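Subject: Structure handover

Hello,

Please find the structure below. My notes on what was found follow it.

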Amino acid sequence: MRPHRAVIARSMLEVGTPPGPGRRAHGLVAVGGGARPQAAEGADHALFADVALLPTELEHMPLDRFGAVAVIDVLRATTTIVAALENGARGVVPVATPGEAYAWRAAAEPVLLGGERGAKRIAGFDLGNSPLEYVRERVAGKLIVLTTTNGTLAFRRVLAAGPAGGPGPELIAACLRNAQAAARHLWQRAVSSGRGVLLVCAGTNGWFSAEDAYCASVLLDCLAACGPLVPGDGARAVMRLGALAAPPMEELSNSRHGQTLLRLGFDADIDYCAQISVSETVPRFNAGVLVAADGPYDTGSPAGVPCVDGESVAGEPAPAGPA
Ligand code: MLT
């Protein structure tokens, strides 16, 4: 049994029933007293948390309800992004297509191109999508342009769904390896915005992904350790799945995409991706690039769905990318 399971049970008991329409207008709902040993900033309020089980749900979901959004593609894009930044990469630009990535290479700033199609490295690219490739010797100080089948596309879908004017929610990348750090970051950002948290599962080719839902359940556990949650329907479903979960290696290996990766010989990647809360690195969008929050390349500027096609819409300077 995972140690955080007890925490979620406590939180769900505290929260009781889902909020009515009036309460959902804001992400934070005041709750009655009661000492909480692990109380974080804002823990005297319940945080509205929901999960989009597929990025297509964003077409129907007003993002202005959320102060913080996390994209999850545990196998493997968001794990790779965390690995790259943990090993000193300057930033990761998630793009939708190999063509966009090549356009970045043609621009002035030197970049490394990373990504996959069919889980294999794209011809002419410097790196694939195995987090184990993103070692310090390879990536430190480098800007990486990454395109993957589902993960980087999910970021683009969040960007497309963002509020038209002004900065939207903080946008981060989450996976099992940074679950606790990501949850703390989401909690703080959501509380300071007075709005809720949304976890977006990347899925696989438009299909539900068990491993992303499992990761969302772990993140909800970690959020519940920060303070009480008011779960939306997606979050409630994921919590129930999480309560029945097998150990992480089993969850990841048995998933459809896990099976594909095993067939292709990426066993070590699954082992790496299945480790929970071993990294403090939280990739956050900053002027169109995912950078390590509070790291050397984080300017601390407002994040939040800020950049489409390499251009800032929040008044921040975009990195030197394609025109
Ligand atoms: C994706 O974005 O579809 C995945 O990260 C695929 C992979 O495992 O490389």
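This is a predicted model: local features need pLDDT of at least 70, side-chain atom pairs count only at pLDDT 80 or more; totals for chains, interfaces and linings use all residues.

Residues are numbered from 1 along each chain as its sequence is written.

Overall picture

The protein chain holds 12 helices and 14 strands. Of its 323 residues, 54% are buried (20 or more other C-beta atoms within 10 Å of the residue's own; exposed means 12 or fewer, partly exposed in between, with C-beta atoms placed from the backbone). Two residues are in contact if their C-beta atoms, placed from the backbone, lie within 7 Å. Among contacts between residues at least 6 apart in sequence, 76% join residues at least 24 apart.

The average pLDDT (the predictor's confidence in each residue, from 0 to 100) is 84 for the protein chain, and 78% of the residues score at least 70. Over residues 1-26 the pLDDT is below 50, and this stretch has 32 contacts beyond near neighbours in sequence. Residues 304-318 also stay under 50, with 46 contacts beyond four places in sequence.

E5 and its partners

Strand E5 (residues 112-117) has five of its six residues buried. Strands pair if DSSP finds at least two bridges between them. E5 pairs with strand E7 (residues 143-147) in the parallel sense over four bridges, and Leu-113 stands opposite Val-145 in E7. With strand E6 (residues 120-121), E5 pairs in the antiparallel sense over two bridges; there Glu-116 has Arg-121 as its bridge partner.

E5 and E6 form a hairpin with two residues between them, and Gly-118 in the turn has a positive phi of about 60°. Ala-119 has a positive phi of about 70° although it is not a glycine. Ala-119 counts as partly exposed because 19 other C-beta atoms lie within 10 Å.

Around the ligand

The residues surrounding the ligand include Asp-73, Leu-75, Arg-76, Glu-116, Ala-119 and Gly-151 (C-beta atom, placed from the backbone, within 6 Å of it). The shell divides into four nonpolar, five polar and three charged residues (Ala, Val, Leu, Ile, Met, Phe, Trp, Tyr, Cys and Pro count as nonpolar, Asp, Glu, Lys and Arg as charged, and the others, Gly among them, as polar). The peptide bond from Leu-75 to Arg-76 is cis, with omega near 0°. Arg-76 sits in the loop between strand E3 (66-72) and helix H3 (77-86).

Gly-151 is one of the buried residues of helix H6. Nine of the 11 residues of H6 (residues 151-161) are buried, so this helix is largely enclosed by the rest of the structure.

The core

The largest nonpolar core has 97 residues, and those touching the most other members include Ala-70, Val-200 and Leu-219 (a core is a set of buried Ala, Val, Leu, Ile, Met, Phe, Trp, Tyr and Cys residues joined through C-beta atoms within 7 Å). Helix H8 (residues 210-226) gives the most to this core, with 12 residues. Among the residues that Ala-70 touches, not counting those up to four places away in sequence, are Ile-172, Ala-174 and Leu-219.

Regards
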